[in-house]
Amino acid sequence: MAPKTISEDLLEELQEKYDKNDDEKLTFQEFQGLAAEIRQRQKLPPARLEDVQAVFREIDKDNSGKVSFSELDKAAGLLQQRLAAAKAKAPAAQAKAISPQLLTELREKYDKNDDDKLNLQEFQALAAEIRQRQNQPPARQADVQAVFQEIDKDGSGTVSFSELDKAAGLLQQRLAVAKAKSAKAKAPAAQAKAISPQLLTELREKYDKNDDDKLNLQEFQALAAEIRQRQNQPPARQADVQAVFQEIDKDGSGTVSFSELDKAAGLLQQRLAAAKAKAPAAQAKAISPQ
């Protein structure tokens, strides 16, 4: 769908409103407010912040941090193209866009020092709140952590508020892929129950005494036994628990992370189901010497 052209009257009105110093230039903040107003005036849905940022960077060829009023029509066209392309690519399970109102509310709640940054702990809490607000099921901590690491390109340990929409989309994609693989691969009847956030918090307080988010083999064995007992599942063999621990302990450090408990429970359940499937339905009785 081609974007509507910005009329000369509207352009003049916007220039008077946003170009206070008559230099015919817009900073990103001014451009963002103006783009939102244009789309509202033209009765178009709001654009995602990352798309507005991308269009601004594309027009700001000299990296001056400013764009010209004369390029507003071009900007509107590029923005509409990005939205149309995103809509065409969007899977059925695409994440809901975060509204500007919710973004402002979350920024006030989580960005206490106004640096537009989130560490992993803040990102995890914020991601949980966004999914709750959008009536979506909780995401696994392993997925949240993976998305955080994917966005944290420079390895600084922080991500920007402006990337929340992208993060929500990536997280939803991971959940959709995981759900599809789960349905296709393993029998649902033998699938491990997900560990609830409440149980995870309770177990963390009980077993992670030094708050390092790590478990050694002995702690992992005790914790695995308690999880299966809490979920009314039969005890697992110690050999299976040990094999799962070694599979997750990729670096051979002798410890695994709390964020991998869901994965561990799933692997353990798969091993038990596989062992059960291999057992002959009618196992032969040993023939006595007599």
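Analyst: Let's start with D213, which lies in the loop between α9 (197–207) and β5 (214–216). Helices here are DSSP runs of H or I with at least four residues, strands are runs of E with at least two, and both are numbered from the N terminus. A quick word on the source: this is a predicted model, where local features need pLDDT of at least 70, side-chain atom pairs count only at pLDDT 80 or more, and totals for chains, interfaces and linings use all residues. Residues are numbered from 1 along each chain as its sequence is written, and side-chain values use heavy atoms, leaving out hydrogens and water.

Now the backbone. D213 isn't a glycine, yet its phi is positive, near 65°. Most residues other than glycine have a negative phi. With 24% relative accessibility, D213 counts as partly exposed (buried is under 20% relative accessible area, exposed over 50%, partly exposed in between, using a 1.4 Å probe and protein chains only).

E24 also belongs in this picture. Its phi is positive too, about 60°, and E24 is not a glycine either. You'll find E24 in the loop between α1 (8–18) and β1 (25–27). At 35% relative accessibility, E24 counts as partly exposed.

Moving on to a helix pair: F28, F31 and Q32 in α2 meet L49, V52, Q53, V55 and F56 in α3, where contact means heavy atoms within 4.5 Å.
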